[in-house]
Amino acid sequence: MNYSEEITTVRQKLADLNAPPKPLEHTVYEEVEAICDQHGVFKQRCRRMALHGKGIETKTECQFCLKEKLTQLEHAEAEQEKQRKRSKIKMLMDNLSPPERFADVTLDNYKPVNSYAARCLTLCNAYATHWPERLKRGGGLVMCGKPGTGKNHLALAIAKHIINAHQSSTLFTTALRITRAFKLTWSKSADCSEAEVIKRNTQPDLLIIDEVGVQFGSDAEKLILFEVINTR
Ligand SMILES: [Zn+2]
């Protein structure tokens with residue numbers, strides 16, 4: 001249900017009531033005291049006109065009822081927006097599906113082991129904070145370090161931050177997975193094209209490629225990774 005149209009209508013009715021009555025030709029205008037079941041006496045604006053021999057009368061509603069209705073509608077709209085955002089975040093988190101051991105990582109719970117790691121954390125925090133500009137410019141991050149230094153922790157924490165804050169789409173993958181998917185398209189029985197593999201890896205707002213250079217990459221593998229990164 002879309003509340004915005006109804007909200008606009010009620011706001012307009014209230015604005016009209018707050019302004020002096022507009023003069024309308026061929027109508028008889030009258031202000032009377034009417035009774036609202038909820039709010040008692042209120043000033044009601046009535047207009048009467050004759051149309052094709054029939055009398056038509058319009059009466060304004062109780063302004064307190066209108067105000068209450070507006071509050072309810074705005075509340076319902078805000079709730080609906082919150083719900084929409086929650087389900088989008090859930091869908092994006094499901095897509096990211098970080099490995100089990102990284103399920104709870106955040107930028108706040110990264111414990112730097114030395115000053116160099118602390119500087120990396122600062123850089124990652126800045127990357128996450130300035131995400132909209134980074135996305136616009138297509139700026140990436142290269143994380144180098146020995147296994148166990150927290151590269152995945154930081155990368156996945158950035159991904160979660162931008163999902164929560166901006167509902168951006170992300171993909172967590174490995175260099176091997178990308179090249180394997182690419183090579184699978186070369187077989188005759190392939191059900192997916194190279195273009196589709198490129199698309200799958202270039203569509204997400206943030207792509208995290210784990211384990212780059214873990215294996216000695218062939219020229220073909222380097223070319224595939226270049227293709228993905230260059231397209232992005
Ligand atoms: Zn009322």
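The structure is a predicted model, in which local features need a pLDDT of at least 70 and side-chain atom pairs count only at pLDDT 80 or more, while totals for chains, interfaces and linings use all residues. Residues are numbered from 1 along each chain as its sequence is written, and side-chain values use heavy atoms, with hydrogens and water left out.

The partner of Glu 61 in a salt bridge is Lys 13, with 2.6 Å between the closest N and O atoms. Lys 13 belongs to helix α1 (residues 4-18) and Glu 61 to the loop between β3 and α2, so this pair ties together parts that are 48 residues apart in sequence. Helices (H or I, at least four residues) and strands (E, at least two) are DSSP runs, numbered from the N terminus. Lys 13 is likewise partly exposed, at a relative accessible area of 33%.

## The zinc site

Four residues coordinate the zinc ion at 2.1 to 2.4 Å: Cys 36 through SG, His 39 through ND1, Cys 62 through SG and Cys 65 through SG. Donors are N, O and S atoms within 2.8 Å of the metal (3.2 Å for Na, K and Ca); water is not among the atoms, so sites may look incomplete. The angles among the four donor atoms of the zinc ion are 104 to 116 degrees, and the site is tetrahedral. Under the rule applied, four donors count as tetrahedral if all angles lie between 85 and 135 degrees; four count as square planar and six as octahedral if opposite donors are over 155 degrees apart and all others between 65 and 115, and anything else is irregular.

The sequence spacing of the donor residues is C-x2-H-x22-C-x2-C. His 39 is located in the loop between β1 (28-36) and β2 (40-51), and Cys 62 in the loop between β3 (54-59) and α2 (63-96), so the pair ties together parts that are 23 residues apart in sequence. His 39 is partly exposed, with 27% relative accessibility, whereas Cys 62 is buried, at 5%. Helix α2 also contains Phe 64, which is partly exposed at a relative accessible area of 38%. The C-alpha atom of Phe 64 is 8.7 Å from that of Phe 42, a residue 22 positions away along the chain.

## Domains and their interface

Three domains divide the protein: domain 1 (4-71), domain 2 (97-168) and domain 3 (169-232), with bounds taken from an automatic or database domain assignment. The C-alpha centres of domain 2 and domain 3 are 21 Å apart. Contact (heavy atoms within 4.5 Å) involves 13 residues of domain 2 and seven residues of domain 3.

About 760 Å² is buried between domain 2 and domain 3, with 72% of it on carbon and sulfur atoms; buried area is the accessible area (1.4 Å probe) that two parts lose on being put together, summed over both. The number of salt bridges between domain 2 and domain 3 is zero.

## Further salt bridges

A salt bridge is a side-chain nitrogen of Lys or Arg within 4 Å of a carboxyl oxygen of Asp or Glu, and by this rule the count is nine. One of them joins Glu 57 and Arg 48, with an N to O distance of 2.8 Å. Glu 57 has 39% relative accessibility and is partly exposed; Arg 48 is partly exposed too, at 35%.

Another salt bridge joins Glu 221 and Lys 183, at 3.0 Å from N to O. This pair links distant parts of the chain, with Glu 221 in helix α8 (residues 219-231) and Lys 183 in helix α6 (residues 175-184), 38 residues apart. Glu 221 counts as buried at 18% relative accessibility, while Lys 183 is partly exposed at 32%. Elsewhere, salt bridges with shared partners connect Glu 30, Arg 48 and Glu 57 in one network.

## Residues with positive phi

Most residues other than glycine have a negative phi, and most peptide bonds are trans. His 26, although not a glycine, has a positive phi of about 60 degrees. His 26 is placed in the loop between α1 and β1 and is exposed, with 69% relative accessibility.

Glu 211 also has a positive phi, near 55 degrees. Glu 211 is found in the loop between β5 (206-210) and α8, and its relative accessibility of 43% makes it partly exposed.

Definitions and conventions:
Buried means under 20% relative accessible area, exposed over 50%, partly exposed in between (1.4 Å probe, protein chains only).
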